[in-house]
Amino acid sequence: MRRYLRVVVLCLACGFCSLLYAFSQLAVSLEEGAGGGGGKPQAAAASWLAGGGRGAGRGAGSAGPAAHPGRSDRYSLKMQPVERVHLAVVACGERLEETLTMLKSALIFSIKPLQFHIFAEDQLHDSFKGILNSWSFLQTFNYSLYPITFPSENAAEWKKLFKPCASQRLFLPLILKEVDSLLYVDTDILFLRPVDDIWSLLKKFNSTQIAAMAPEHEEPRIGWYNRFARHPYYGKTGVNSGVMLMNMTRIRRKYFKNDMTSVRLRWGDILMPLLKKYKLNITWGDQDLLNIIFFHNPESLFVFPCQWNYRPDHCIYGSNCQEAEEEGIFILHGNRGVYHDDKQPAFRAIYEALRNCSFEDDSIHSLLKPLELELQKTVHTYCGKIYKIFIKQLTKSIQDRYDRPPKER
Ligand SMILES: *[C@@H]1O[C@H](CO)[C@@H](O)[C@H](O)[C@H]1NC(C)=O
Ligand SMILES: *[C@@H]1O[C@H](CO)[C@@H](O)[C@H](O)[C@H]1NC(C)=O
Ligand SMILES: *[C@@H]1O[C@H](CO)[C@@H](O)[C@H](O)[C@H]1NC(C)=O
Ligand SMILES: *[C@@H]1O[C@H](CO)[C@@H](O)[C@H](O)[C@H]1NC(C)=O
Ligand SMILES: *[C@@H]1O[C@H](CO)[C@@H](O)[C@H](O)[C@H]1NC(C)=O
């Protein structure tokens, strides 16, 4: 009799436990469904609850597409939280439209959900919120808006030394203390491949690498740093900081070699003395400081090929990025204002095509034909000569993301 009683009690206990588990899972998914709504007032959220969540959200969106039947099972009902890709940008001055186009390009091609960290001058905040909230039907991203800030310790002292907008990115590891890894990009970046692809390079870091950037130049004869810099710089031609992948946990932990003291310094302690020392010799602001830091700590940098940061420099003096011609252009960087003037019409055409398109599958597909026509007109220009590479890349990215059966996406 006693034995039976024990068995019964055991069964009851098991049943109770599984009930508890079921309820806790339900609570978790409900919380996710509520998004960050109750969170910080600055932050709005779009959660990516699968199935019903996506479907319900879609109708609410302003761009309300004719619901694509397959798309909602892209994130099937999994209980584990999906790893988020953290993307940061600093927007000052007239950069609102450009920044939004960059974020849109990230959303169009990416697979994992994205978490945007947008540092912007106060007068831009309302516009960012307006547009990003109207995109929340996508259910694949959330965002936080921050003012341009310095780390709270020594803020006053930082302010005396640094121009806030120019140097914000240097402080990201100290401001976003809870974030493990981050992709920082300039506002004039366009993703032509999923952000997931560059994010996956984090896993390729060896044990000493903490950040990844592309070379400033491929061709030393036209390089800037090797011809003009009055400070140390990384490698043969320096690095470009427009696309910078960081393992910030490692950046925060590392003690950096430097030419100011014989002791190694933490990230938070190295920036100010570095600026004091090189203030009069630097031309490109914080990018120069990064070059100095990695000159002294070369084992800490992962250098990725030029196709992850493809600039007009790679095509205007002839073709200087072999990898792009072979494998494609993954991230376009329209520096020197080329999206907004007539100097590089090929760059401008791609920018405008992405700026103009909406998130509907049809709209994304139909950007290709007119863009190809537009690019053909630029074939007499230096960067226009390689327009077929642009089209090939975009066609492939769109096919990968939108033309495969939903189950495989
Ligand atoms: C975005 O989503 C992540 C993961 O669910 C969450 O940790 C984070 O707090 C959210 N951010 C905002 C601003 O809601
Ligand atoms: C960043 O580095 C830390 C410490 O080495 C590691 O635990 C973490 O997994 C790394 N993050 C990524 C995304 O690889
Ligand atoms: C700054 O540039 C000047 C002129 O090239 C040079 O003499 C000086 O050593 C540089 N300063 C530092 C800190 O490298
Ligand atoms: C990691 O790679 C960098 C760059 O190739 C190299 O300098 C460094 O020695 C490597 N670190 C280890 C631990 O192998
Ligand atoms: C984008 O829209 C603008 C204005 O609406 C138009 O003039 C331009 O031709 C369009 N460009 C592309 C590439 O679609």
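Asp180 has a polar side-chain atom that lies 2.7 Å from a nitrogen atom of ligand 2. That pair is a polar contact (a pair of N or O atoms within 3.5 Å). This is a predicted model, in which local features need pLDDT of at least 70, side-chain atom pairs count only at pLDDT 80 or more, and totals for chains, interfaces and linings use all residues. Side-chain values use heavy atoms, with hydrogens and water left out.

**Around ligand 2**
- Asn247 places an N or O atom of its side chain 2.3 Å from an oxygen atom of ligand 2.
- Arg250 also takes part, with a polar side-chain atom 3.0 Å from an oxygen atom of ligand 2.
- On its own, ligand 2 has 360 Å² of accessible area, and the protein covers 66% of that (areas come from the Shrake-Rupley method with a 1.4 Å probe).
- The residues surrounding ligand 2 are Asp180, Ser181, Leu202, Lys203, Asn247, Arg250 and Arg253, where being near means having a heavy atom within 4 Å.
- Sorted by class, this shell holds one nonpolar, two polar and four charged residues; Asp, Glu, Lys and Arg count as charged, Ala, Val, Leu, Ile, Met, Phe, Trp, Tyr, Cys and Pro as nonpolar, and the others, Gly among them, as polar.

**Around ligand 5**
- Glu352, Ala353, Arg355 and Asn356 surround ligand 5.
- Asn356 has a side-chain N or O atom 2.3 Å from an oxygen atom of ligand 5.
- Of the 360 Å² of accessible area that ligand 5 has on its own, the protein covers 42%.
- The shell around ligand 5 is made of two charged residues, one polar and one nonpolar.

Methods:
Residues numbered from 1 in each chain as written. Chains lettered and ligands numbered in written order. Polar contact = N/O pair within 3.5 Å; in protein donor to acceptor, adjacent residues only side chain to side chain.
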